[in-house]
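Take a slow look at the model shown below. The paragraphs after it walk you through its parts one at a time.

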Amino acid sequence: MRWYILQALLHKEAARHMANRGGIALAILLVAAAVLLSVFAPPEATAEGTNVVGGVHHCYIEYDRVTPLIRHLRANVPPEWKSQIVFRELARAEMIDGVIVYPTGTGALQIRQPRAVDSPTGRDVVHVAIWHPDGEPTALAAYEQWLWREMRRAYDELARQKLPEAPLPALPEFDADNRWLVLETHQRFQEQVEALRAATHPDVPPIVPDLAIDRKGLGGKVLDFRAAIATGMVVFALYFACVYLLPTLSCEERERGVLLAQALSPASPTELLFAKFLFYPALGLSLAATLAGIYKPDVLSSLFFWLALFAVGGGFLGIGMTIAALAKTQRAAFLGGMCYLLSVSMVLLICATNNIPFVSNLAVEYHGPRILHAAMSQTVDHTHWLHLIAALWLASVWLVAAGWIFRRRGWQ
Amino acid sequence: MSTDVMIRMTGLRVLYGSFPAVDGLHLDIRRGELFGLLGPNGAGKSTTIRVLIGQRRPTSGTVTIAQRDIVRDWATIKPLFGYVPDRENHFEEFTGRRNLEFFGQLYGVPRLRVREVLKMVELDEAADLPVRGYSLGMRKKLLLARALLHEPPILYLDEPTANLDIHSAEVVHRILRERVQQGATIILTTHDMDEVEKICDRVGIMCRGRLVALDSPLALKQQHTERKVDVIDIRGQRFVFDLDDPTDRAKLGALVATGQTASLQTREFDFHAAFLKLTGQAFQ
């Protein structure tokens, strides 16, 4: 292996991409997407990351007038929902023929507060109207829970201000769901029944038991969609470099006869193939690592991430080399890559939807996204190590198969 | 083996399946010789060249280049030759200069040499244009420039002047003659008989994988010129007399002696006719 020849061959590959800027443009687009993903949705925004809660990407809090309740709600929006909850006056909502129009994927909690003078009870009224997407009555459930909780807290604060000495009941233990509401309702029902029992049938033992609710988290976490998108881009970068660029450009050189011209030069077949099979995986790995680093810089210091990247890159390199060995023309190589992608996607989909066991395990594409996603969302557990071992084994199989096909069919 | 022989093919046979593309070829090409390899399509010229550039292994027989076996010593033979294929194969997106610089790096030649060969083939003005903008003739000249980069002692040229204008073809002929004067051995395949007659030292004519004629163009001319005379007599009648036929010779003598000839003309050598005759015979 002569360095000056390798240098010339690697420089040639880079120069070809500089001259045909399609690949560079796609790489820049991927980097831009990673930057956007990182900048406009910082990691603390949401755990799940898609900014979609219950299928709704924005919830409008609409009000007829600004009251202490509205001010309290404004001041107590959870940080992860700051970009999803939009406060607006009802009068300013977009209307067509007097009807408020909501874009698809949005919902609204309208708060109307008629004054006491207009109320038959002589008290102020808070009228909450929940506008959910058609056919999805629970779509706003998460926002509703937040509203009921904050409303309770707002009036509790107001009561403590107005009645500083009064023995007001303590605030319930608020949680992430409606457990406090259930407990309070149960407790109130229990008090009512106990009062009646004591008044009418004191000899009957207590009827309504005490209620205790526990909520526990499972070991696994919800799917981190932002990490999933970033994983998709990382996998695509590797696929693009190793399964698309490598075979198509190799076959293009073969088809044009440029490979023959290089083969007749002092460069040996080993040097020619080594340069190609070094350049494209290096390109794919660099791009993939750049995308992952932009999304989550910490991931670059993770051993598991690099192992996963090399396993997936190795697998794709083997697949790309196999296509390059089998295809004679650039078009055949392109179609080979497409056919491979479609057939594997279909097999994985069919296996997943029909619970067909084992078959999926034979695809690098089954293990690859799982291990990369685990690395990027920092949720690696022992099952991911098993996936990593499987991916490394499949990558080895592909590389050996590609080498064998190359020897059988001739590298030119 | 004589050291004057640069390329030696002994009983070379190449089969495509059961079809013999080259069928027992015995041929020596001398050092410093410009050898023209002719033949109709499918005669086996390209297969022979393919064997010489290592792209096809002989089915049987041996080929030695500079006394080295083409199969066993391939790695040491590779730097000895330059090759101009019939189909151009450049990096279209690179400029002419960048194409040559890349191959120059592989051969380890200095950049100055790139400038020299570009000037030699008169492409120095277009050197910085992308090859995709080149005409067919310019592409052909760039192929020649690439083959000359490392100043190889052997050149294989597959129709080097196809698609070239007269001036460019002259440039190519001049370069080839200079290379031969400097001691290079050149094998040239072409369909241009005039070119063969003009620049080749020796010519081999192949047909159906076999060598059917081998000599210098002049000797072939002498061997295959039709020794016939066209005569028009004073009454306007046309006659053709074969000088190799004693009867015809006597008749011609009588006509001339009696002063009945109005016009008398010997036939010129026609390489095309000789080629057709030779290859036609081989087909029969």
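Chain B comes with an average pLDDT of 87 (pLDDT is the predictor's confidence in each residue, from 0 to 100), and 96% of its residues score at least 70. Everything here is a predicted model, in which local features need pLDDT of at least 70, side-chain atom pairs count only at pLDDT 80 or more, and totals for chains, interfaces and linings use all residues. As for labels, residues are numbered from 1 along each chain as its sequence is written, while chains are lettered from A and ligands numbered from 1 in the order in which they are written. For the complex, the predictor reports an ipTM of 0.81 and a pTM of 0.70. A word of caution: where pLDDT is low, the predicted coordinates should not be read in detail.

Let's stay with chain B for its overall build. Along the principal axes, its C-alpha atoms fill a box of roughly 75 × 45 × 35 Å. Chain B has 284 residues, and 38% of them count as buried. Buried here is a matter of counting: 20 or more other C-beta atoms within 10 Å of a residue's own make it buried, 12 or fewer make it exposed, and anything in between is partly exposed, with C-beta atoms placed from the backbone. Take the contacts in chain B between residues at least 6 apart in sequence, and 67% of them join residues at least 24 apart.

Chain B is assigned two domains, domain 1 (5-216) and domain 2 (223-283); such bounds come from an automatic or database domain assignment. The C-alpha centres of these two domains of chain B are 40 Å apart. Where they meet, domain 1 of chain B puts in 11 residues and domain 2 of chain B seven residues. On the domain 1 side, α7 (193-199), β9 (202-207) and β10 (210-215) of chain B each give two or more residues, and β10(B) gives the most, with three residues. That side is made up of seven nonpolar residues, one polar and three charged. In this sorting, Ala, Val, Leu, Ile, Met, Phe, Trp, Tyr, Cys and Pro are nonpolar, Asp, Glu, Lys and Arg are charged, and the others, Gly among them, are polar.

Now find the sheet in chain B. Six strands make an open, mixed sheet, ordered β6-β7-β8-β3-β9-β10, where strands pair if DSSP finds at least two bridges between them. Both β6 (81-84) and β10 of chain B stand at the edges with a single partner strand, so one side of each has no neighbour in the sheet. From one strand to the next, the twist averages 15 degrees. At one end, β6(B) runs parallel to β7 (154-158) of chain B over four bridges, and one of the pairs is B:V84 with B:L157. Helix α5 (136-148) of chain B packs on the sheet and touches β6 and β7 of chain B, its direction making about 170 degrees with that of β6(B). Angles like this run from 0 to 180 degrees between N-to-C directions, with axes fitted as lines to C-alpha atoms, for helices over the stretch in contact.

Is B:E159 buried or exposed? It counts as buried, because it has 20 C-beta neighbours inside 10 Å.

Over in chain A, A:F358 also has a positive phi, about 70 degrees, although it is not a glycine. A:F358 lies in the loop between α10 (330-353) and α11 (364-376) of chain A, and it counts as exposed, because it has 7 C-beta neighbours inside 10 Å.

Finally, look at where the chains meet: 17 residues of chain A touch 16 residues of chain B. On chain A's side, α1(A) supplies the largest share, seven residues.

Technical notes. Contact = placed C-beta atoms within 7 Å.
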